[in-house]
Amino acid sequence: MLCNAVLDGLEPLIRRKFPLKPIKGIRYKTYISRFADDIVVTGNSEENLLVVKDTISDFLKERGLTLKEAKTRIVKIETGFDFLGFNICRKPINPKLNKSSNQKTVLVIKPSQKSVRSVTDKIRAVIKSTNNMAALVKKLNPIIRGWGNYFKISYHSQATFIKIGHNF
């Protein structure tokens, strides 16, 4: 809650500096998504994103905070990035599989490798430490159900679920 109070006003500031509607023929296409202290800013040019980064740094500095450079980076959406346990990237569509659309790319949102590794490590630890089948099921169900419910919001998570299922 404290984080939300401190960062309140960041989105409107970005929106004022980088409006969604074109100004003098310039369309910034800059969007900000924030969950507590996790922030993702997307934009149509690296130059704009560098200015956004400076704007965020100044906003934080006024509040006695600093941007953590080790966690801050500018990447192309085709490279992808992790946010809140998801990996988000834009990939080309296979034209053989998608003949009905002129769309050239698709936004793929799926569990990140770190999230997959974390849940598989938890599952392995429970399996190794539990001898009784009933106890094993009782311990595994909340782990698998919780993880599955969190990541089921993305269509592309299905392949990850299948892959995890084949590992055990």
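**Close-up 1. Surroundings of Phe-83 in the predicted model.** In this predicted model, and leaving aside residues up to four places away in sequence, Phe-83 touches Ser-33, Phe-35, Asp-38, Ile-39, Val-40 and Ile-88. Phe-83 and Ile-88 are also among the residues with the most contacts inside the largest nonpolar core.

**Close-up 2. The nonpolar cores.** The largest nonpolar core has 14 residues, and those with the most contacts inside it are Phe-81, Phe-83, Ile-88, Val-119, Leu-140, Trp-147 and Ile-164. At least two residues of this core are supplied by each of strand S3 (81-83), strand S4 (86-92), helix H4 (113-129) and helix H5 (133-151). Another core, of 10 residues, lies apart from it and includes Leu-13, Ile-14, Ile-56 and Leu-60.

**Close-up 3. Packing of helix H4 on helix H5.** The two helices H4 and H5 pack at an angle of about 170 degrees, their axes being 10 Å apart; because angles over 145 degrees count as roughly antiparallel, H4 is described as roughly antiparallel to H5. On the H4 side, the contact is made by Ser-115, Val-116, Val-119, Lys-122, Ile-123, Val-126 and Ile-127, and on the H5 side by Leu-136, Lys-139, Leu-140, Ile-143, Ile-144, Trp-147 and Phe-151. Val-119, Leu-140 and Trp-147, which take part in this contact, are also listed among the residues with the most contacts inside the largest nonpolar core.

Close-up 4. Ser-154 is found in the loop between H5 and helix H6 (157-166). Its relative accessible area is 10%, and because values under 20% count as buried, Ser-154 is classed as buried. Not counting residues up to four places away in sequence, Ser-154 touches Phe-86, Ile-109 and Lys-110.

**Close-up 5. Cys-3 and Cys-89.** Cys-3 is partly exposed, with a relative accessible area of 26%, whereas Cys-89 is buried, with a relative accessible area of 4%. With a disulfide taken as a pair of cysteine sulfur atoms within 2.5 Å, the count for the model comes to 0 disulfides.

Key. Residues are numbered from 1 along each chain as its sequence is written. This is a predicted model: local features need pLDDT of at least 70, side-chain atom pairs count only at pLDDT 80 or more; totals for chains, interfaces and linings use all residues. Side-chain values use heavy atoms; hydrogens and water are left out. Buried means under 20% relative accessible area, exposed over 50%, partly exposed in between (1.4 Å probe, protein chains only). A nonpolar core is a set of buried Ala, Val, Leu, Ile, Met, Phe, Trp, Tyr and Cys residues joined through side-chain atoms within 4.5 Å. Helices (H or I, at least four residues) and strands (E, at least two) are DSSP runs, numbered from the N terminus. Contact means heavy atoms within 4.5 Å. Axes are lines fitted to C-alpha atoms, for helices over the stretch in contact, and angles run from 0 to 180 degrees between N-to-C directions. Angles under 35 degrees count as roughly parallel, over 145 as roughly antiparallel, 65 to 115 as roughly perpendicular and the rest as oblique.
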